[in-house]
Amino acid sequence: MAGKTATTAPDLGEEQVLVLQGGGALGAYQAGAYETLSQSGIEPEWLAGISIGAINAALIAGNPPGRRAARLAEFWETVTSSTALWAPLLWPLGRGAMNEAHAGRALAVGVPGFFIPRVPPPTLRLPASAGARSYYDTAPLRETLLRLVDFDYLNAEGPRLSVGAVNVETGNMTWFDSARHAVGPEHVMASGALPPGFPPVEIDGALYWDGGLVSNSPLHYVLDEEATGADTCLFQIDLFSARGAVPATVWDAETRIKDIRYSSRTRFNTDMMRRMYEFAEAAQRLQDKLPEELRDDPDLQALTGLKLAPRLTIVHLIYRQAQYERHSKDYEFSRLSMRDHWDAGARDVTETLANADWTERKRRGGPVKVFDLTRDSR
């Protein structure tokens, strides 16, 4: 599925971090973006993901570099392998009608290697019984993950992996991080267990749902954790854009609501990080102005004790939906749309890495740089 190879990115001695948002079928955009980053010489040392972002992250972290793009392609070809044969008959009505047909089929019969409908449905089951909490069974996803992800490699040799899920009883976000304990298929599945479609996943006696219920992006977790002392380049690959046109119909409104809800305030988080750096610099300047006897004051030490990377670069890669896409875009698993999303990710990375603002970024002053350089963003 690879397009033309992107320009090789220079090695600037940065820690490379990949942050992957949730977004269901739109996740092929992340796969295309990763493939092109890899072709450009950029391999992440740390991946963090939510929902489909957690699945893509596990496919990358759980395989050696030379096998990662192929495993991503195998996953996305699997989940789009059962495209409705009759959908092309709707071509005269437009691509939007075809997409809706594919989405309807996913709701009716499930997605290969991902989920299948429960029979009987949960409405006909006893409360708290097996299958009563969700419309679909995600057992196929577990088998897919075990086939495509080498969890032994992931935990022993692979890059750091962090996936977020929500504790059903407490409502708090929990992070399963390979830097602290072994990550298995259950942790990845928990991150993508979006209710009521998918069932909660039990881990150590607690039940977990999709991390997107609290935050659809792991960006804030990475920024809070980032304290390696090394320059850091963070690629934030989002599947929903906070910006969009005013809806013209109730159907457009449904799509716009989804975009706003799941865009996860990406720019808010990056603006907050920029202000934290400015705050840390101001605290350091204040310390330099004070007399020697006040420099060990505990309050001042607290102000100057923030652990931040010397230089932080954040690159936004945000999928902007096509005009024909509707509310169903995140559960429309057709092969045609998957390839469109994959190609869009590859195209945006190629455009970003070729942009003069990116190639000349080291000449700019300031410890924090934020880029959103694709044509659609402008």
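Select D204 to begin: this residue sits in the loop between β7 and β8. (Helices, H or I of at least four residues, and strands, E of at least two, are DSSP runs numbered from the N terminus.) D204 is not a glycine, yet its phi is positive, at about 50°. Is D204 buried or exposed? It counts as exposed, because its relative accessibility is 82%; the cut-offs are under 20% relative accessible area for buried, over 50% for exposed and in between for partly exposed, with a 1.4 Å probe and protein chains only.

Before moving on, know what you are looking at: this is a predicted model, where local features need pLDDT of at least 70 and side-chain atom pairs count only at pLDDT 80 or more, while totals for chains, interfaces and linings use all residues. Residues are numbered from 1 along each chain as its sequence is written, and side-chain values use heavy atoms, with hydrogens and water left out.

Next, pick S51, in the loop between β2 (46-49) and α2. Here is another positive phi in a residue other than glycine, near 60°. S51 counts as buried, because its relative accessibility is 13%.

Now for two cis peptide bonds. Select V119 and P120: the bond from V119 to P120 is cis, with omega near 0°. P120 belongs to the loop between β3 (116-117) and β4 (136-137). Then go to P195 and P196, where the bond between them is cis too, with omega near -5°. You'll find P196 in the loop between α7 (185-191) and β7 (201-203).

Which residues lie nearest the centre of the largest pocket? Select L194, F198, K258, D330 and Y331; they belong to a lining of 31 residues. Helices α2 (52-61), α4 (95-109) and α9 (250-262) are the elements that give two or more residues to that lining, and α9 has the largest share, with 5 residues. The volume of this pocket is about 770 Å³.

How are such spaces found? On a 1 Å grid over the protein atoms alone, a cavity is a set of points where a 1.4 Å probe fits but cannot get out; a pocket is an open set with protein on both sides within 12 Å along at least five of seven lines, and lining residues have an atom within 4 Å of a point. Points are joined across faces, edges and corners, and a volume is the space filled by probe spheres set on them.

A search of the whole structure turns up 6 cavities of 30 Å³ or more. The largest cavity has a volume of about 90 Å³. Its lining has 12 residues, with S82, H102, R105, A106 and F333 closest to the centre. Helix α4 gives the largest share of that lining, 3 residues.

Jump to Q39, in helix α1 (residues 28-39). Q39 counts as partly exposed, because its relative accessibility is 27%.

Last stop: L213, in the loop between β8 (206-210) and α8 (219-225). L213 is partly exposed, because its relative accessible area is 44%.
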